[in-house]
Amino acid sequence: MPHTLTELVAGAVPIVVEETRGYWEGTLEEKLLIQKCNTCGHFQMPWGPCCTRCLSQDLGSQQASGRATVYSFTVVRQAIHPDFSAQVPYVLADVQLEEGPIMTSNVTDIDPEGVSIGMPVRVWFDEELEDAFHVKLRLPKFRPQETTEA
Amino acid sequence: MSISGKTAIAGLGVTAFGKLPGRSAWSLQTEAVKRALDDAGLEKEDVDGLLTAPPLAEPLLLHAEQLGGKLGLKANYLSQKFIGGATALALVAEAAMAIDAGLCEVAVCVYGENAKTGMPMLFGRAQMGRGQPPSDDIAYGLAGGPIMEARAARRYMNEYGVTEEMLGSVAVSFREHASRNPGATYRDPLTIEQYLQNRYVSEPLRVLDCTIGASDGAVAVVVTSAARARDLKKPPAYIAGAGVAANLQGLSDPDHYTSYPGARSSQTAYRMAGLEPTDVDVAQFYDCFTSTVLITIEDYGFCKRGDAGHFAFEGNLTLKGQLPSNTSGGMLSEANLVGWNVLAEGIRQIRGESTSQVDDAEVCIVAGQGGFHAAHSTLLLTKETR
């Protein structure tokens, strides 16, 4: 259990909090869940404490199809956080889910030079991690959609 | 009603910028305050308002109280603000409002830090909060300003056909100004060819597209009523217009990649001042990244959407161009004082004190941007009241 702020924030694993617990639980079942407002039907990513359209706190979720397109991206050549020094170059991307919301993730399984805006991608779930409080989660990441499945 | 022209910046205090080993943030902040008062011809006893921005390296919750204590001040107005790089101009606007509302008469706004040689910049998860976006995105390697901004830059360039040479021309133009500024960190002339050989940090952004990482230094300004400013030592830089705007949905908002809240904050400032983009003689943009400058040029109405790259590449940001900008070298070449050095240069232009002085500069627009373009602030400074 972390004891100091430094220990708590040093790692590169997300920290599961009340607002995001349902999201991360979904990843353990390989489900990408979009937060959905039960009052006005608004879809939002990332999850928050209230609906950003109507401020309702009556929130649920809907499973995403997992299909998305690259909205924008960068090829990171110089890692600033030490956990990523061995991974450069890597692609940090904003992907727009078929359902509308944009989320930040990585595009993997492709030469970084081959990534482009508008490229169709599909979600996959990386290996299980534990946060600072030993809560399990898996990071949703994206890889190019096979042309046959588009 | 409006505060336009009712207050002015009457004093400017600037320390050396760069590597200042052995200097604490407090010593730099207090030096800047002393210099600003001397510049205005005021005594400590004249100051009855203190507004501070906490240093990034040591973001203290009671910074204004502590600094006021070190200065031995009694104040009728006290404030501390942090909205990232938008803080400086928003704090000056707040001082102007406090003075106009009669809460105080002479306000000092100050920021200073020793992030280069002292305590390292601590701006990340500890400040963003656990489990809060975007801090969780560090899991995907989203750590550091260039990675935040590069995605907006990519989308913007893709949408409008902006080239890397166009981005580079911003860095080259501002370096030309820095070469004449003896206090600038980077003064060697830069060419587009050298720029294109510079390495990427986070594509499409190169090292030369990014602000200087951290600088030691401090800036303080004295704000007072226009009437009082006219009786002081230095020519007043009247606060003709101000605006603060934000888009707090981050890059979840598809429109937030190619236009920033500066579009709205500049409209507020222009309207308040009764001025238009064509009235502006010189600009000081918040140049955390070259791409930010191009988007702000469009947000501020100096170019049609998508045209700022051509505008910069044609040399319009230099002294010979249509919109001389960041005439001290800005944050790309002078120093990273989180927009405070950009503000200082705006004041120097109105006074005619710049090392890259624009002839007859009567109207200067200054931009501040914070939280990776979530918040934006604008000031219109003028030589005369209208």
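Trainee: How many salt bridges does the rule find across the interface of chain A and chain B?

Mentor: First, this is a predicted model, so local features need pLDDT of at least 70, side-chain atom pairs count only at pLDDT 80 or more, and totals for chains, interfaces and linings use all residues. Residues are numbered from 1 along each chain as its sequence is written, chains are lettered from A and ligands numbered from 1 in the order in which they are written, and side-chain values use heavy atoms, leaving out hydrogens and water. A salt bridge is a side-chain nitrogen of Lys or Arg within 4 Å of a carboxyl oxygen of Asp or Glu. Across this interface, the rule finds two.

Trainee: Which side chain meets that of Asp94(A) in a salt bridge?

Mentor: The N to O distance for this pair is 2.6 Å. The partner of Asp94(A) is Arg151(B).

Trainee: Which element supplies the largest share of the side of chain A that touches chain B?

Mentor: Elements are DSSP runs numbered from the N terminus: helices (H or I, at least four residues) and strands (E, at least two). The rule finds 20 residue pairs in polar contact across the interface, both at pLDDT 80 or more; such a contact is a pair of N or O atoms within 3.5 Å, where within protein one must be able to donate a hydrogen and the other to accept it, and residues adjacent in sequence count only if both atoms are side-chain atoms. Several elements of chain A each supply at least two residues to this side, including α1 (5-10) and β5 (90-97). The largest share, six residues, comes from β4(A).

Trainee: What is the omega of the peptide bond from Val88(A) to Pro89(A)?

Mentor: Most peptide bonds are trans. This bond, however, is cis, and Pro89(A) lies in the loop between β4 and β5 of chain A. Its omega is near -5 degrees.

Trainee: Is Leu55(A) buried or exposed?

Mentor: Leu55(A) sits in the loop between β2 and β3 of chain A, and has a positive phi of about 70 degrees although it is not a glycine. Its relative accessibility is 60%, so Leu55(A) counts as exposed.

Conventions
Buried < 20%, exposed > 50% of the residue type's maximum accessible area, 1.4 Å probe, protein only.
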